[in-house]
Amino acid sequence: MSAQRTSTMTAVWLVLQRDLRLATRRPAQLIQPLAFFAVVTLLFPLGYTPELSKLRAVAPGVLWVGALLASMLALESLFREDAGDGTLEQFVVSGQPLVALMGAKTAAHWLLTGLPLTLMAPVLAIALGVSVAAMPGILLSLAIGTVSLSLLGAVGAGLTLGVRRGGVLLALLTLPLAVPVLIFGAKATELAIAGESLTGPLYLLGALAVLGVTLAPIAAAAAVRIGLE
Amino acid sequence: MNWAWFHRLGSPPHIYRIAGTLTPWFAWLAGLLIIVALYSGLVLAPPDYQQGDGFRILYVHAPSAWLAVMIYGVMASAAAIGLIWRMKIGHAVAASCAGVGAWFTVVSLVTGMLWGKPMWGTYWVWDPRLTAQLILLFLYLGYLGLRAGFDDLSRADRASAVLAIVGFINIPVIRYSVEWWNSIHQAPSVMKMARPSMPIDMLAPLLMMLLGFTLYFAAVLLVRLRAEILRRERTASWIREVLR
Amino acid sequence: MSEFFAMGGYAIFLWPAYLATFLAIGVNIVLARRAHEDAKQEARRRIAIEDEGPL
């Protein structure tokens with residue numbers, strides 16, 4: 001026990017830094033969700049039709065389902081290693097609010113998966129025949145939407161912490177809860193592609209993200225406490 | 001104020017006995033109501049002026065859909081009571097709910113499809129109610145899957161309680177988003193019985209069915225609850241007296 | 001009587017819907033009862049083992 005107590009802000013910052021640094025040491029884990037996103041998206045022209053006009057019509061759904069599944073893929077590793085080597089237990093006994101530390105871990109997850117997936121989406125959108133003019137809208141909607149996905153995912157990953165081989169279960173728990181994000185996100189992308197104003201669904205996506213930021217870390221912290229026993 | 005009665009109310013042997021006494025009452029009342037409702041719904045109620053006799057599927061579809069949604073509410077509330085106030089009985093109630101809820105979600109989907117075929121000309125339309133019901137089924141399956149994933153009952157209880165509460169907060173959001181999505185894509189929605197005034201001889205069987213199904217669920221819940229209590233209190237001495 | 005069962009031509013949709021509903025009602029009664037009986041059996045077995053314990 002050090003004489004001086006670390007402030008919560010410092011602790012959050014340290015957890016965030018640690019997760020980001022760990023990720024740079026293992027670039028494969030960073031790249032895999034991106035590669036998965038690309039493969040899934042590029043299967044559609046092969047499985048459906050190479051005609052760009054038809055692909056453009058399904059592009060919002062394809063991009064969002066792809067991003068959803070790719071961010072799901074990276075979730076399993078969110079807590080598993082930290083649970084295995086005792087880091088999470090240290091979090092719990094550190095005297096810092098676990099909710100804040102869960103928020104930090106979720107933020108790191110978004111920076112490492114949500115943000116890269118968002119940045120990659122325009123490239124894939126071009127392959128689906130989407131015009132460059134739609135890119136700002138696609139970037140914005142995915143950037144906001146993936147925040148909610150990371151938050152929901154953190155709850156799911158926390159809940160399945162105590163379950164052996166919880167990968168499929170994690171997807172089954174999280175995907176139904178992600179339906180609103182998918183609906184508003186895909187609609188925003190559709191409007192962006194059509195060249196119309198997408199403020200409506202963007203506000204709704206933002207509202208979901210705000211709701212998630214306030215509630216999800218609490219649920220994730222509760223879940224992790226149960227999972228660690 | 002004497003709180004002894006309150007603690008007795010929450011004690012497992014007391015609940016076990018009360019549940020045993022109440023079950024037949026609920027069961028017989030439910031059976032009576034459902035039989036009367038069946039007769040009045042299938043025979044006495046006049047055919048609908050648009051849907052003919054087809055509308056009578058309402059009398060099994062609406063109660064099933066109601067049970068599916070209500071049971072999730074009961075489950076989440078009981079789980080919250082178990083998690084927040086550490087009342088074990090809450091977890092036992094929540095665990096007893098999920099299976100029944102999933103069954104009636106499936107029934108509401110099947111009856112909705114069977115109603116949809118003559119009305120829409122196809123078994124499945126992405127109608128907001130059917131879609132929301134389908135997502136509810138996945139929420140139930142996730143809950144049951146999570147419970148099954150734990151060997152330890154206490155951890156299964158608390159983890160699934162967190163999930164039930166998260167799902168409960170999400171259900172209105174899901175319903176709103178699906179309605180919103182549907183209003184944009186303009187699918188037909190015949191299943192709304194949103195007529196200003198349903199004649200009393202059509203409405204009465206529906207209300208009886210709703211009440212009958214609710215009482216039926218109460219009876220089934222109490223039997224399942226007794227099983228859960230026995231499982232959880234396995235080492236308690238009162239079980240000897242009860243089983244004598 | 002046969003007119004009743006024909007349900008104005010909706011018989012092939014209506015009766016399966018009722019059948020499915022009452023099947024679920026029946027199955028849930030059976031499942032709940034079986035769960036209770038199993039739990040009682042388990043508890044009785046446990047008591048029997050406990051009583052034989054000190055031998």
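**Stop 1: a residue in chain C**

Select C:Arg44. C:Arg44 sits in helix α2 of chain C, residues 11-52. Helices here are DSSP runs of H or I with at least four residues, strands are E runs of at least two, and both are numbered from the N terminus. The cut-offs are under 20% relative accessible area for buried and over 50% for exposed, with partly exposed in between (1.4 Å probe, protein chains only).

Before moving on, some conventions. This is a predicted model, in which local features need pLDDT of at least 70, side-chain atom pairs count only at pLDDT 80 or more, and totals for chains, interfaces and linings use all residues. Residues are numbered from 1 along each chain as its sequence is written, chains are lettered from A and ligands numbered from 1 in the order in which they are written, and side-chain values use heavy atoms, with hydrogens and water left out.

**Stop 2: the whole of chain C**

The C-alpha trace spans about 70 × 15 × 10 Å along its principal axes. Chain C has a radius of gyration of 23 Å, whereas a compact globule of 55 residues would be near 10 Å. That radius is taken over C-alpha atoms, and the globule rule is 2.2 Å times the number of residues to the power 0.38.

Colour by burial next. Of the 55 residues in chain C, 31% are buried. The accessible surface is about 3,700 Å², and carbon and sulfur atoms hold 63% of that surface. Areas come from the Shrake-Rupley method with a 1.4 Å probe; for residues, only the protein chains shown count as cover.

Then colour by charge. Chain C has 6 positive and 7 negative charges, and their mean positions are 0 Å apart. Lys and Arg count as positive, Asp and Glu as negative; His and the chain ends are not counted. Each charge is placed at NZ of Lys, CZ of Arg, CG of Asp or CD of Glu.

**Stop 3: chain A**

Switch to chain A. Here you find 10 helices and 0 strands. Chain A is as compact as a globular protein of its length, because its radius of gyration is 18 Å, close to the 17 Å that the globule rule gives for 229 residues. The C-alpha trace spans about 65 × 35 × 30 Å along the principal axes. Buried residues make up 51% of the 229 in chain A.

Zoom to helix α9 of chain A, residues 179-194. Its end C-alpha atoms are 22 Å apart, which agrees with the 22 Å that 16 residues should span at 1.5 Å a residue. The expected span is 1.5 Å times one less than the number of residues. α9(A) is mostly covered, with 13 of its 16 residues buried. A:Gly195 follows α9(A) and has a positive phi, near 80 degrees.

Go on to A:Gly200. It lies in helix α10 of chain A, residues 199-228. A:Gly200 is partly exposed, at 36% relative accessible area. Draw a distance to A:Ala188: the two C-alpha atoms are 8.0 Å apart, and the residues are 12 apart along the chain.

**Stop 4: chain B**

Finish on chain B. It has 8 helices and 0 strands. Its C-alpha trace spans about 60 × 40 × 35 Å along the principal axes. Of its 244 residues, 53% count as buried.

Select B:Arg86, in the loop between α3 (58-84) and α4 (88-120) of chain B. Most residues other than glycine have a negative phi. B:Arg86 is not a glycine, yet its phi is positive, about 55 degrees. B:Arg86 counts as exposed, at 71% relative accessibility.

Step into α4 and pick B:Ala98. B:Ala98 counts as buried, at 0% relative accessibility. Its C-alpha lies 15 Å from that of B:Arg226, 128 residues away along the chain.

Last, show helix α5 of chain B, residues 128-149. The 22 residues reach 31 Å from first C-alpha to last, close to the 32 Å expected. At the start of α5(B), a side-chain oxygen of B:Asp127 comes to within 3.0 Å of the backbone nitrogen of B:Arg129.

Definitions and conventions
Polar contact = N/O pair within 3.5 Å; in protein donor to acceptor, adjacent residues only side chain to side chain.
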